[in-house]
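Me: I have a new structure to look at. Can you walk me through it?

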Amino acid sequence: MLTVFSLTALAWISRSFILQDLLPGIDDAVIAITGALILFLIPSKNKKGEFIMDWDTAKGLPWGILLLFGGGLAIAAGFSDTGLAEWIGEQMTGLQGLNFVLIVAIITAIVILLTEISSNTATATMLLPIMASLASAIQVHPYSLMIAGALAASCAFMLPVATPPNAVVFGSGYLRIEDMAKAGLWLNVVAVIIITAAIYLLLPLTFGLDLFNYPF
């Protein structure tokens, strides 16, 4: 099991610069499925005539959680493919003229809400270019909005679909979505406050930046 997992992880890491040259068209999903199928082919050492993985065990996996998380990835892809992400970014330009702290707080809240219904990685990938363009439009250093957006995309606490750790916890069966939403709402509010304060107070000190004097 350890060998198969290690080889699968190594294949994921080396896919872009080694495996794609040898096997054009290979992607992370193909690697994952191949690793899973191999488990059905390796004989079990402890149980004669059986294999490491069998269908009875596979049926017990939390397929509902896997489909739920896959739905989050599909929603994020839909945001991008339909132009909804670009439209959201265009609406954000209406924030020009507001106080910078308020802009950061609003953007952080918007990103947190988006990442609750789609994958946090997909949300960050989708919105970071928009954050850079918005920073240019309102004449502030792009790091200010891009870092705020990246941090906010990792603050998905309310729903299982938002991030794999949430799905794992929900899959345990000990929590309901209502429980996660109640606790996650307050965590999201605290996250907005902390991220906004960090961008305004700590970012200039950490990177030695002047947030309002960037050569555009």
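The chat below covers pockets and helix packing in this predicted model.

Me: How many residues line the largest pocket, and which lie nearest its centre?

Reply: The lining has 27 residues. Nearest the centre are W12, A32, I33, A36 and L66.

Me: Which helices supply at least two residues of that lining?

Reply: There are α1 (2-22), α2 (28-39), α3 (55-59), α4 (63-81) and α9 (164-171).

Me: And which gives the most?

Reply: That is α2, with 7 residues.

Me: What is the lining of the largest pocket like by class?

Reply: It has 22 nonpolar residues, 4 polar and 1 charged.

Me: Which residues line the second largest pocket?

Reply: V4, L7, T8, A11, I26, V30, I31, T34, G35 and I38 do. The largest share comes from α2, with 5 residues.

Me: How does the lining of the second largest pocket split by class?

Reply: Into 7 nonpolar and 3 polar residues, with no charged ones.

Me: Switching to helices. How are two packed helices described?

Reply: By the angle between their axes and the distance between the axes.

Me: Good. At what angle do α7 and α8 pack?

Reply: About 165 degrees, with the axes 8 Å apart. Here α7 is residues 120-137 and α8 is residues 142-153.

Me: Why are α7 and α8 called roughly antiparallel?

Reply: Their angle is about 165 degrees, and angles over 145 count as roughly antiparallel, so that label applies to α7 and α8. Their crossing is right-handed.

Me: Which residues make the contact?

Reply: From α7, N120, A124, L128, M131, A132, L134 and A135. From α8, P142, L145, M146, A150 and A153. By class, the contact has 11 nonpolar residues, 1 polar and no charged.

Me: Now α6 and α10. What are their angle and axis distance?

Reply: Helix α6 (residues 100-117) and helix α10 (residues 177-207) pack at about 140 degrees, axes 9 Å apart. They are therefore oblique to each other. The crossing of α6 and α10 is right-handed.

Me: Which residues meet there?

Reply: On α6, F100, V101, V104, A105, T108, A109, I112 and E116. They meet N188, A191, V192, I195, T196, I199 and Y200 of α10.

Me: And by class, what is in the contact of α6 with α10?

Reply: 11 nonpolar, 3 polar and 1 charged residues.

How values were computed. Residues numbered from 1 in each chain as written. Predicted model: local features only at pLDDT ≥ 70, side-chain atom pairs only at ≥ 80, totals over all residues. Heavy atoms only, no water. Axes fitted to C-alpha atoms, helices over the stretch in contact; angles between N-to-C directions. Helix = DSSP H or I, 4+ residues; strand = E, 2+ residues; numbered from the N terminus. Parallel < 35°, antiparallel > 145°, perpendicular 65-115°, else oblique. Left-handed = near helix turned anticlockwise from the far one by under 90°. Contact = heavy atoms within 4.5 Å. Nonpolar A, V, L, I, M, F, W, Y, C, P; charged D, E, K, R; others polar. 1 Å grid on protein atoms, 1.4 Å probe; cavity = no way out; pocket = protein on both sides within 12 Å on 5 of 7 lines; lining within 4 Å.
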